[in-house]
Amino acid sequence: MTADTMLSTAPAAPAGKPKTRRMSTPKILLIISGVLIGLSLVHWLTGADDVTSQGAIQAALQAAIPLGLAGLGGLWSERAGVVNIGLEGQLILGTWFGAWGSIEFGPWVGLLLGVLGGAVGGLVHALATVTFGVDHIISGVAMTILAPGLARYLSFLAWSDTPGAGATQSPTASRLPRVSVPFVDELAGLERRQWFLVSDVAGVLRGLLVDVSIVTILAVLLIPLSWWLLWRTSFGLRVRSVGEDPHAAESLGINVYLYKYYGVIISGAMAGLGGVFLSTVSSAIYREGQTGGRGYIGLAAMIFGNWRPGGLALGAGLFGYTDALQLRRGSESVHALLILVGALLLALAVWEFRRRNRVVAISSAVLGVLSYVLFFSVDKIPTALVQAAPYITVLVVLALAAQRLRPPAADGKPYRRGG
């Protein structure tokens, strides 16, 4: 019997651990439909046009892509049993090498160099944690501290004599091409008619399918590709096995160290691609501090998604949408969305109460009531609260979802061959 056969017939989870619920395609489509109807109701009730406009959806997609790529990097690493707090540093390496390669050799080479830069960061993290047994958190923090210093030093060497550039920013970088799905932009007239649901769907489709970067398309394709590799191939089965029980994997002849290296290097490459997006798609320039903590929020999206690509994508979309609202009449839009947020929290409270999960039920009910109190108390949300909305969303979602989460069993645990 082969190692892959023995692993595939092993129990999915140790006894006593909560079973994970997989999101089927019909459920995902139902969730998307429910969200669209909810946003349409908010638009109709409040007149807040930007909750479903093309500009808001484009901004949300642009904010979600680097978060999703960072989260996808965290998924690969943690499925191999290595916590990668250094995603922020690997994002920074991706931004710098992506911009430098684009300036020096063109956008396609910049894309490749940015991915390689993140992968090298992952290799360093793997060397420290897997080979030398350094604590995963310490190694990740060190990566996050060292990467900005390295980027500044390289910027000084590369651009100190360039007008308009220097140690903290690059010259203008070349951009990769953008594409649009034919005829979708013709829905602009339909969007302007303000018909319930129909105009909202038109705005969403235009935001998702018009003037889309090649990097965005690549990032979206990596979600199902990662799922297929991790859950439908022998390679992915071995990666996940070393994250669940490395000693059992070792007993089946799997090179645990090698597959941990695979997971962490792929993790760094994903984060590097997210960095390329920031420096060559979101803007056409590298700037110091450009990542803005997206590596950490990407990890939060991964946890929200329960270490699965589909849930991760939903989490990145949620956090990206709340972040994008800051740029699109944020006070008005966030104020309007309190209606939907309150309804969702109260519905969650009822659901959890029926399941006798009283802590989450009471917490959700309190937050739902507070949402409506805030909605009826003010006409516009204060700017400071709007700017904090993405981070509040992260905290609330993770707090309410904490009891349903199941990380890989050996995630973050030290491993030594034969131990």
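## Salt bridges

A salt bridge is a side-chain nitrogen of Lys or Arg within 4 Å of a carboxyl oxygen of Asp or Glu. R355 and E352 make such a pair, with their closest N and O atoms 3.6 Å apart. This is a predicted model, in which local features need pLDDT of at least 70, side-chain atom pairs count only at pLDDT 80 or more, and totals for chains, interfaces and linings use all residues. Residues are numbered from 1 along each chain as its sequence is written, and side-chain values use heavy atoms, with hydrogens and water left out.

The structure holds six salt bridges. For the residues in them, buried means under 20% relative accessible area, exposed means over 50%, and partly exposed is in between (1.4 Å probe, protein chains only).

R206 and E191 meet through their side chains in another salt bridge, at 2.6 Å from N to O. R206 lies in helix α8 (residues 198-209) and E191 in helix α7 (residues 188-192), so this pair ties together parts that are 15 residues apart in sequence. Helices (H or I, at least four residues) and strands (E, at least two) are DSSP runs, numbered from the N terminus. R206 counts as buried, with 11% relative accessibility, and E191 is buried with 14%.

R406 forms a salt bridge with E244, and the closest N and O atoms are 3.0 Å apart. Because R406 lies in the segment after α17 (383-401) and E244 in helix α10 (residues 234-244), the pair ties together parts that are 162 residues apart in sequence. R406 is buried, at 8% relative accessibility, while E244 is partly exposed at 23%. R79 joins E244 and R406 in a network of salt bridges.

## Overall shape

The secondary structure comes to 17 helices and two strands. The C-alpha atoms fill a box of roughly 65 × 65 × 40 Å, taken along the principal axes. A compact globule of 419 residues would have a radius of gyration near 22 Å, and the protein agrees with this at 22 Å. That radius is taken over C-alpha atoms, and the globule rule is 2.2 Å times the number of residues to the power 0.38.

Of the 419 residues, 49% count as buried. The accessible surface comes to about 19900 Å², and 67% of it belongs to carbon and sulfur atoms. Accessible areas come from the Shrake-Rupley method with a 1.4 Å probe, and for residues only the protein chains shown count as cover. Contact means heavy atoms within 4.5 Å. Among contacts between residues at least 6 apart in sequence, 79% join residues at least 24 apart.

## Nonpolar cores

In soluble globular proteins, nonpolar side chains tend to be buried together. A nonpolar core is a set of buried Ala, Val, Leu, Ile, Met, Phe, Trp, Tyr and Cys residues joined through side-chain atoms within 4.5 Å. The largest one here has 42 residues, and L72, L75, V215 and V242 have the most contacts inside it. Helices that each supply at least two of its residues include α3 (54-79), α5 (107-131) and α9 (214-232). Helix α12 gives the largest share, eleven residues. A second, separate core of 20 residues includes I57, A336, I339 and L340.

Leaving aside neighbours within four places in sequence, L75 is in contact with L230, M302, W307, R308, P309 and L312. L111 lies in helix α5 and is buried, with a relative accessible area of 11%. With neighbours within four places again left out, L111 is in contact with L176, V215, L273 and V276.

## Two loop residues

W307 has a positive phi of about 60° although it is not a glycine. W307 is found in the loop between α13 and α14 (309-324), and counts as buried at 6% relative accessibility.

R356 is not a glycine either, yet has a positive phi of about 65°. R356 sits in the loop between α15 (330-354) and α16 (358-377) and is exposed, with a relative accessible area of 74%.

## A nonpolar surface patch

I37, L41, W44, L45 and F196 form a nonpolar patch on the surface, with about 530 Å² of accessible area together. Patches are made of residues with over 30% relative accessible area and no salt bridge; like charges are joined within 9 Å, and nonpolar side chains (Val, Leu, Ile, Met, Phe, Trp, Tyr) within 5 Å. L41 lies in helix α2 (residues 25-46) and is partly exposed at 36%.
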